[in-house]
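Colleague: Hi! Could you walk me through this one?

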Amino acid sequence: MDKEVIAALLEEKYSNLINWLKQQDDSKWEVGPEGKWTTGQHTLHLLQSITPLNKAMSMPKFVLKYKFGKVNRDVRNYETVCKRYDERLVDAQGKTFKGSQNMKIPSIKDKDYLLNRLQIEQKKLQAKTLRWKDNSLNTVILPHPLMGKMPVREIVMWSAYHVEHHTNTLKNLY
């Protein structure tokens, strides 16, 4: 998938989520179904997943290559990345990535701040994706807590799907 298409996909998926969240009754922000995350926790989790990706993509590529190595396979397409993520979620049986375990429930006062931060971070991710050379997107790898090491292009595509996954989860809850 071309990086321009990935950037447009990020814009679409994050816009869908943010627009949906802005239309939701504020009472749903802090309360979720029994044993499930609240809307605020879903939002915080998405922010927790995109921020480290942006930080990593700001680092010199030689540092990332030294720390994580280089790709040893072809880049997977969007559909394959999405399918593998769904399979790994089933295998994880409800386990949550370490940074989102025992997550606090953001208050309604934090809603606008979190939505703004999420929007800013996704714009940064789009810009970084467009700035990176295709070769670097395909050869530099980063670790994913559930999927293992992946080329940056795949992690950015996954980020778009991750947002769609949580948007659909929230829509199904309400």
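This is a predicted model: local features need pLDDT of at least 70, side-chain atom pairs count only at pLDDT 80 or more; totals for chains, interfaces and linings use all residues.

Colleague: Okay, the core. Which residues of the largest nonpolar core touch the most other members?

Modeller: Those are Met 57, Leu 142, Val 152 and Val 156. The core has 43 residues.

Colleague: Which elements give two or more residues to this core?

Modeller: The helices are α1 (3-23), α2 (39-58), α3 (61-68), α4 (78-92), α5 (111-131) and α7 (152-173), and β1 (141-144) is on the list too.

Colleague: And which one gives the most?

Modeller: That is α7, with nine residues.

Colleague: Let's pick Leu 142. What does Leu 142 touch, leaving out residues up to four places away in sequence?

Modeller: Leu 142 touches Leu 53, Ala 56, Leu 64 and Phe 68, and also Gly 148, Lys 149, Met 150, Val 152 and Ile 155. One of those, Val 152, is also among the core residues that touch the most other members.

Colleague: Nice. New topic: how many salt bridges are there in the whole structure?

Modeller: A search finds 11. One of them joins the side chains of Asp 26 and Lys 111, at 3.0 Å from N to O.

Colleague: Where do Asp 26 and Lys 111 lie?

Modeller: Asp 26 is in the loop between α1 and α2 and Lys 111 is in helix α5, so this pair ties together parts that are 85 residues apart in sequence.

Colleague: Is Lys 111 buried or exposed?

Modeller: Lys 111 counts as buried because its relative accessibility is 7%, under the 20% cut-off. Asp 26 is partly exposed, at 43%.

Colleague: What about Glu 154, which residue does its side chain meet in a salt bridge at 2.7 Å?

Modeller: That would be Arg 73. Arg 73 lies in the loop between α3 and α4 and Glu 154 in helix α7, so the two tie together parts 81 residues apart in sequence.

Colleague: And how accessible are they?

Modeller: Glu 154 counts as buried, at 1% relative accessibility, while Arg 73 is partly exposed, at 24%.

Colleague: What does Arg 76 form with Glu 154?

Modeller: Arg 76 forms a salt bridge with Glu 154, and their closest N and O atoms are 4.0 Å apart. Arg 76 is in the loop between α3 and α4, 78 residues from Glu 154 in helix α7. At 24% relative accessibility, Arg 76 counts as partly exposed.

Colleague: Last one: which residues are linked in a network of salt bridges?

Modeller: Glu 12, Lys 13 and Glu 164 are linked that way.

Key
Residues are numbered from 1 along each chain as its sequence is written. Side-chain values use heavy atoms; hydrogens and water are left out. A nonpolar core is a set of buried Ala, Val, Leu, Ile, Met, Phe, Trp, Tyr and Cys residues joined through side-chain atoms within 4.5 Å. Buried means under 20% relative accessible area, exposed over 50%, partly exposed in between (1.4 Å probe, protein chains only). Helices (H or I, at least four residues) and strands (E, at least two) are DSSP runs, numbered from the N terminus. Contact means heavy atoms within 4.5 Å.
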